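Dear colleague,

I am handing over the structure below, and I would ask you to keep it open while you read. After it you will find notes on what turned up.

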Amino acid sequence: MNKPLPPAKFKQIRPPNENYTYFEDKGAHPFVHDAIGFELVNASWLADFALLAYGNEDFIRRFFKLSGLTDAGFRFTFFSRETTQCFVAHNGEFVVVSLRGTEIDNFRGALTDWLRNFELLPVSDDSGGRVHEGFKRDIKAVWQQLKDHLQPLLGSGTRTLWITGHSLGAALATLAAERAARDGQFAVQGVYTYGSPRVGDDGFKQAYATHGLDARTFRFVNNVDVVPKLPPVDLYKHVGQLKFIDRDGHLHLDMADEADAVEPDLLKRLRGRGRALLENLFGLTIPAPFANHAPIYYATHIWNNVP
């Protein structure tokens, strides 16, 4: 039975989502911790982890318990430095790093996050390429803490490492994966991102592939979600393998470019949407290019595609 999609209204789709059932049927669909290549069940789990990252520490703890993860032996550690929040969850088999996207309920935090998005000029990075200045600053703020925390969890070699995030969190997940492979010398088993903007230039894309990450990274785009179109393609390139969700919620696993599936006049249809976007504050429907970006839609669509 499919999960219903909430209406495209601000209060119903803004994260974190208290009415969403996290990790539903996890017993019937266990995480495949040693999967090599794409695994749809893992995509569903990691979409839930990415959605959960929008909550504060108490929220995450509550839903770990409600979903049964705590009783199943999962533990988590919450990190918050400057504008960057994330958590690391683990059991005896695998570790998940989940990075939070743009804040919604905290106005000051949301403003700071959005200002990061407009720091568009690519800057040099230790990867050897150039990356988005704001995204680089955000991952740098928390990386050393993450690295120090991951070393004992992964040192024995018995756990696999998975990295995930939605929106801004997806961009940071991409940068974290490259740092994990290069600086941490960690074996990254999989990177699953949802509604990710572009992160780096051709040099970064090449470095990412050199670490073997491109084949282990799966980039989900929900229909006409506008965020994956940003920043401009002339400066930035996507990494990883595209997994596209069409307007009917069907998942396409072997598509080279989402532009092949969406209406070609997307940017034209975005003109004049500013007024409609503001009207959503009064409970009206959010335009599809923005509503499609909601993390609950990613998580719900992917769960509905699991056999």
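**The nonpolar core and its surroundings**

In the largest nonpolar core, which has 45 residues, those that touch the most other members are Phe49, Leu52, Phe64, Phe87, Tyr194 and Phe220. A nonpolar core here is a set of buried Ala, Val, Leu, Ile, Met, Phe, Trp, Tyr and Cys residues joined through side-chain atoms within 4.5 Å, where buried means under 20% relative accessible area, exposed over 50% and partly exposed in between, with a 1.4 Å probe and protein chains only. The elements giving two or more residues to this core include helix 3, strand 2 (84-90) and helix 11 (295-305), while helix 2 gives the most, with ten residues. Helices (H or I, at least four residues) and strands (E, at least two) are DSSP runs, numbered from the N terminus.

Please bear in mind that this is a predicted model, in which local features need pLDDT of at least 70 and side-chain atom pairs count only at pLDDT 80 or more, whereas totals for chains, interfaces and linings use all residues. Residues are numbered from 1 along each chain as its sequence is written, and side-chain values use heavy atoms, with hydrogens and water left out.

**Aromatic rings**

The whole structure holds 27 aromatic pairs, counted when the ring centres of Phe, Tyr and Trp (its six-membered ring) lie within 6.5 Å, with planes under 30 degrees apart called stacked, over 60 edge-to-face and the rest tilted. One of them is the tilted pair of Phe64 and Phe76, at 5.1 Å centre to centre and 50 degrees between the planes. This pair links distant parts of the chain, since Phe64 lies in helix 3 (residues 57-66) and Phe76, twelve residues apart from it, in strand 1 (residues 75-81). Phe64 is buried at a relative accessible area of 1%, and Phe76 also counts as buried, at 17%.

**Cavities**

Two cavities of 30 Å³ or more are present. On a 1 Å grid over the protein atoms alone, a cavity is a set of points where a 1.4 Å probe fits but cannot get out, and lining residues have an atom within 4 Å of a point; points are joined across faces, edges and corners, and the volume is the space filled by probe spheres set on them.

The largest cavity holds about 90 Å³ of space, and its lining includes Phe23, Trp45 and Trp303. Helix 2 (residues 40-52) gives the most to that lining, with four residues. The second largest cavity holds about 70 Å³, and among the residues lining it are Thr174, Arg198 and His238.

With best wishes

Methods: 1 Å grid on protein atoms, 1.4 Å probe; cavity = no way out; pocket = protein on both sides within 12 Å on 5 of 7 lines; lining within 4 Å.
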